[in-house]
Amino acid sequence: MPTPKIELTKGDITKLAVDAIVNAANTSLMGGGGVDGAIHRAGGPAILEECRQIVARQGRCNTGEAVVTTAGKMPSKQVIHTVGPVWNNGKYHEDEKLTNCYKNSLQLAVDNGCRTIAFPNISTGIYHFPKERAAKIAVDTVKQFLSKTDKIEKVLFVCFDEENYKLYDDLLK
Ligand code: AR6
C-alpha cells in the first residue's frame, strides 16, 4: 500500500536538500567506497574530522548502530552514518542488524530534530546483502517506525541502480 510519507527516487543522495541523509559507512567511520566515498567527497573534510572526534570519544560504530555529523558542503543538514551488515549467507543475524540500521537512523533523526531523511540501499553494494531481502526490511522497518511517530514528515528511498529502484517501486505500490 502506498504511504504518503514515503517517496522513492533515483540518483545521487549527496545532492538532496533534506534534513538528514544516511551514509552506509563501515565501523571505522573513516570513509570508503560506494555511497560512503561519494558523501565524504561531496561534503568535504569537515565530515571526516567530526567522525574522528566521534571515534576518539566513543570508539568505532558497531554494525546496526548510527552516529550523526553535519553535512559539510552538501545541501542536506546532517549525515547519519550507520553501519550495515556484511552479507554472510544469513548466518550472522544480518536481517536483524539491517533492521537496526533503519531503526537507529530514524531514531537519531528524531533526536536531532530532522523531519526529512533520505536512505541509500544500505548493505546492497560492497556488502552484498541480497537486494530484494534488504528492500523488504527497509520498507517494513520504515513503515513500522512511521506508524509510531509523527516527528518524521518524509522518508526518501534513494536508489542508485535500476534493480533496486524496481524492487522498491513494487514494494511501495
Ligand atoms: N547515492 C545513492 N546511492 C549510492 C551512491 C550515491 N551517490 N553511490 C552508491 N550508492 P555501498 P554497502 C548505492 O557499496 O553495501 C563502503 O566502502 C549503491 O549502488 O555504498 O553498505 C563503506 O565504507 C548501493 O545500492 O554500501 C563500507 O566499507 C548502496 O548505495 C561499505 O562500502 C550501498 O552500497 C559498505 O557497503
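Guide: Let us begin with contact, which means heavy atoms within 4.5 Å. Leaving aside neighbours within four places in sequence, V142 is in contact with I6, Y102, L106, F119, V155 and F157. This is a predicted model, in which local features need pLDDT of at least 70 and side-chain atom pairs count only at pLDDT 80 or more, while totals for chains, interfaces and linings use all residues. Residues are numbered from 1 along each chain as its sequence is written, and side-chain values use heavy atoms, with hydrogens and water left out.

Visitor: Which residues of the largest nonpolar core touch the most other members?

Guide: A nonpolar core is a set of buried Ala, Val, Leu, Ile, Met, Phe, Trp, Tyr and Cys residues joined through side-chain atoms within 4.5 Å. Buried means under 20% relative accessible area, exposed over 50%, and partly exposed in between (1.4 Å probe, protein chains only). Here the largest core has 32 residues, and Y102, I117, F119, V142, F157 and Y168 touch the most other members. Two or more residues each come from strand 2, helix 3 (94-111), strand 5 (116-119), helix 4, strand 6 (154-159) and helix 5 (162-172). Helix 4 gives the most to this core, eight residues. Helices (H or I, at least four residues) and strands (E, at least two) are DSSP runs, numbered from the N terminus. A second, separate core of 18 residues includes L29, C61, A71 and V79.

Visitor: Where is A71 placed, and which residues does A71 touch?

Guide: A71 lies in the loop between strand 3 (66-70) and strand 4. With a relative accessible area of 2%, A71 is buried. Not counting residues up to four places away in sequence, A71 touches G43, I47, S76, K77, Q78 and V79. From A71 to F157 the separation is 86 residues in sequence and 18 Å in space, C-alpha to C-alpha.

Visitor: Which residues of helix 1 are buried?

Guide: First, the general idea: an α-helix has 3.6 residues a turn, so residues three or four places apart point the same way. In helix 1 the buried residues are D36, G37, A38, I39, H40 and G43. They pack against strand 2, helix 2 (45-58) and strand 4 (78-83). Just after helix 1, G44 takes a positive phi of about 90°.

Visitor: How many disulfides does the structure hold?

Guide: A disulfide is a pair of cysteine sulfur atoms within 2.5 Å. The structure holds zero disulfides. The sulfur of C51 is 9.2 Å from the closest cysteine sulfur, in C61, which is too far for a bond. C61 is in no disulfide either, as the nearest cysteine sulfur, that of C101, is 8.4 Å away.
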